[in-house]
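Keep the sequence and the 3D view open as you read.

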Amino acid sequence: MRISLLTMSGINKELNEAADVAAANHDNSSSEPSHDKDVASNEAFATEKGSGPDPSAFPDGGWEAWLAVAGGFFTVFSSFGWINCIGIFQNYYQANQLKSYSTSTVSWITSTESFMMFFWGPVVGKLVDNYGPRWPIIAGSFLHIFGLMMTSISKQYYQIFLAQAVCSAIGCSFLFYPTLAAIGTWFRARRAFAFGIITAGSSLGGVVLPIMVEKLIIKVGFGWAMRSVAFMLLGLLIFGNATLKSRLPPLRRPVSLMDFVRPYFEIPFLLLSISSFFLYIAGFLPFNYLIVQAEASGMSMSLAGYLISILNAGSTFGRILPAYLADKMGSFNVMIIFAVFSGIVSLALWLPARSNAPIIVFACLYGVGSGCILSIIPAMVAQISDIRQLGVRSGALYVLSSVGVLVGSPIAGAIVNDQHGQFSGLIIFCGVMLLVGAFFAILSRYSQVGFKLIVKV
């Protein structure tokens, strides 16, 4: 990746200082290329020797950095934003193509879709660390759009499962992780805020896409609804491919299984991963079941159809505003507060809700809490990681989270079936898992700073 110091000099003084240090190092080493070499030669040498742009000299701004954030916003809108709207398909498939299947069986489509997006994190992360974000993003764009096109012509359970839950979801994985890794190289002081902006794309996608799909299904049918969404996402992904890049050249290393295992030997990372596992068991349950639960409580289908959009609208604020606070107060501090808040809201508000008003209020409040949780974890990983290994370390954490996503929805569906359509057990399961996740996040924080309360972590 070619970085123009002339362009960036007027924007960020730190990059100039990093360039001076790099120049001094080059002058003092007879084995390194001289400044007469062209930029491409220097970058190739940087890739092999680990020199080049100083990994610790974060610009924290500039037109290249914010353009990358804009591109990342659209790639996350198209990938995680799509995953955030899958709750409408749980309800739609149960009423149409897959009405002969049980709730738990249908839920394997939505849970596997979320699982596939997170499960491929280590693989995608290693590819990004070795080759940069561009090729994984191109591959992800193709797989995601192709999967949606195939879903549009699918009729049987296995066809929908392969197209939507496997192909499209793997494409989302190849879009999501390179975005996190690339943005992490541009920001440090504003990292949580930058991550909050790009992950707000997932919330906005969760607002726009469910409404778009439902309205299009009524007007043009399921097939053309899916194709129309696919064409729109293709346009957004073209912009993302053109603008999203990493500040640092890829650090190519041989693939080793220990690269994925080694982070778990670090206590803060291990405890954070366990926390993420429990949070992701519960985190998507309201997205998947809120519509069904609301209709069972007497809400009209027309109003219930907007609940996922309401939830994601709240999540938009939950991803940006708490992320801004996290840069001031500490990512761990803010995440723990909102994880506890989400668990309490689930148990105190969703559990007794039997009418429209409390269900809608819950959707708004849970959206804020879950938006913070899901958006701030990447910043927490970056905080305890070497930024040059952010791809593989993010993947290592999310592969454990993917197991939580995979089992959470079917377990919840089985609870509903066991209660003969009642949702109290599901809601209690959701709230308790959120509080357990918050507990392990507290342990991760303790392993870093002990019992100190008034400290930025």
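**A buried ring and its partners**

Phe222 is buried, with a relative accessible area of 10%. Buried means under 20% relative accessible area, exposed over 50%, and partly exposed in between (1.4 Å probe, protein chains only). This is a predicted model, in which local features need pLDDT of at least 70, side-chain atom pairs count only at pLDDT 80 or more, and totals for chains, interfaces and linings use all residues. Residues are numbered from 1 along each chain as its sequence is written, and side-chain values use heavy atoms, with hydrogens and water left out.

The structure holds 35 aromatic pairs. Rings of Phe, Tyr and Trp (its six-membered ring) pair if their centres lie within 6.5 Å; planes under 30 degrees apart count as stacked, over 60 as edge-to-face, and the rest as tilted. Take Trp82 and Phe89: their ring centres are 5.5 Å apart and their planes stand at 55°, so this pair is tilted. Both Trp82 and Phe89 are buried.

Tyr92 and Phe222 pair as well, and this pair is stacked, with 5.4 Å centre to centre and 10° between the planes. The pair links distant parts of the chain. Tyr92 lies in helix α6 (residues 87–95), Phe222 in helix α11 (residues 191–243), and they are 130 residues apart. Helices (H or I, at least four residues) and strands (E, at least two) are DSSP runs, numbered from the N terminus.

Ring pairs also build a cluster. Its members are Phe80, Phe118, Phe176, Tyr177, Tyr280, Phe284, Phe287 and Tyr398.

The charged end of Arg191 sits over the ring of Phe58, 5.2 Å from its centre. For Arg227, the ring is that of Trp224, at 4.4 Å from the centre. The rule asks for NZ of Lys or CZ of Arg within 6 Å of the ring centre and within 35 degrees of the ring normal.

Now turn to Ser309, in helix α16 (residues 307–329). Ser309 is buried, with a relative accessible area of 5%. Its side chain reaches the backbone oxygen of Val207 at 2.9 Å. That is a polar contact: a pair of N or O atoms within 3.5 Å; within protein, one must be able to donate a hydrogen and the other to accept it, and residues adjacent in sequence count only if both atoms are side-chain atoms.

Finally, the whole chain. Its secondary structure comes to 20 helices and zero strands. Buried residues make up 58% of its 457 residues.
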